[in-house]
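This briefing goes through a protein structure by topic, beginning with the terms and the confidence of the model. Please keep the sequence and the structure in view while reading.

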Amino acid sequence: MSMQDMASGVALWRQVADGIERGIAEGRYAAGERLPGETEIAETYRVNRHTVRRALAVLAERGLVRAERGSGTYVEAPRLAYPLRSRTRFSEIVGGEGREPRGQLIAAGEESATRELARLLGLKTGAPLVQIESLRSADSIPICVSTSWLSAERFPEAGRVFAKLRSMTQLLAHYGVRDYRRGSTRITAAIAEATDAARLELALGRPVLVVDSTDIDFDGKPLVTKRSRFAAERVEFVIEGG
């Protein structure tokens with residue numbers, strides 16, 4: 001292949017990518033909408049399907065679309081502005097953006113507290129814990145996977161309760177905790193592990209923002225500690241005081 005042919009190939013996929021991006025910006029393709037199939041796009045731009053696949057891959061890297069195996073390619077919603085403050089509630093944040101929040105239990109079980117988990121929760125090493133693995137979405141688009149740990153003595157059968165209520169705030173209220181605040185937050189970046197990537201509908205190698213946090217009651221007693229993995233291309237964290 002000559003340099004001219006290579007340059008022409010680059011121009012073709014870029015033309016397709018730019019055309020679809022303009023369609024998204026102009027509202028011809030709405031958030032959550034399925035894009036036309038590869039064959040239709042190829043016919044529209046008079047290119048081959050390989051060129052279309054390359055254009056869609058670039059758009060996915062930009063966080064503008066996501067591919068769902070066996071279903072098609074969908075327009076991503078705008079990034080969710082996610083405030084991090086002393087009172088952080090996923091359902092309130094998502095609802096405030098005009099989107100529908102949803103929590104889903106992936107798995108729940110009991111384990112013994114490691115030294116670090118015991119320190120975070122103010123318990124003795126080896127104390128019984130409930131571990132809850134959950135997926136949280138906005139308008140059915142996966143936003144984050146969270147692993148939460150709570151005292152099994154204070155919150156017995158918390159996994160069963162979460163499966164029914166699908167909200168950590170409502171779970172705590174079920175046990176008499178009407179309000180709480182964020183005690184600590186630490187944010188790091190990582191590459192999504194294969195399991196998390198599948199649950200978040202991300203391509204392998206995509207980044208996640210890892211938020212380690214502990215929530216406490218208004219007496220300063222730890223309630224729950226969490227490790228949440230957010231799809232980096234779907235959120236932007238806003239640091240707020242108070």
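Contact here means heavy atoms within 4.5 Å. The structure is a predicted model, in which local features need a pLDDT of at least 70 and side-chain atom pairs count only at pLDDT 80 or more, while totals for chains, interfaces and linings use all residues. Residues are numbered from 1 along each chain as its sequence is written, and side-chain values use heavy atoms, with hydrogens and water left out.

**Confidence**
- The average pLDDT (the predictor's confidence in each residue, from 0 to 100) is 89 for the protein, and 95% of the residues score at least 70.
- Over residues 1-9, however, the pLDDT is below 50, and this stretch has one contact in the model beyond near neighbours in sequence.

- Thr51 lies in helix α3 (residues 49-61), where helices (H or I, at least four residues) and strands (E, at least two) are DSSP runs numbered from the N terminus.
- Leaving aside neighbours within four places in sequence, Thr51 is in contact with Leu12, Trp13 and Val16; Thr51 is buried, at a relative accessible area of 10%.
- Buried means under 20% relative accessible area, exposed over 50% and partly exposed in between, with a 1.4 Å probe and protein chains only.
- Ile20, in helix α1 (residues 3-25), is also buried, with a relative accessible area of 2%.
- Beyond residues up to four places away in sequence, Ile20 touches Tyr29, Leu35, Ile41, Tyr45, Leu56 and Leu59; from Ile20 to Leu56 the C-alpha separation is 8.8 Å, across 36 residues of sequence.

**The sheet**
- Six strands, in the order β4-β5-β6-β9-β8-β7, form an open sheet with antiparallel pairing, two strands being paired if DSSP finds at least two bridges between them.
- At the edges are β4 (101-112) and β7 (181-191), each of which pairs on one side only.
- β4 pairs with β5 (residues 128-138) in the antiparallel sense over eleven bridges, and Glu110 has Val130 in β5 as its bridge partner.

**Helix α6**
- Helix α6 (residues 158-165) lies across β4 and β5, running at about 15° to β5; axes are lines fitted to C-alpha atoms, for helices over the stretch in contact, and angles run from 0 to 180 degrees between N-to-C directions.
- The buried residues of α6 are Ala158, Gly159, Val161 and Phe162, and they pack against β4, β5 and α7 (168-174).
- On the other side of α6, Arg160 and Lys164 are exposed.
- Arg166, which follows α6, has a positive phi, near 60°.
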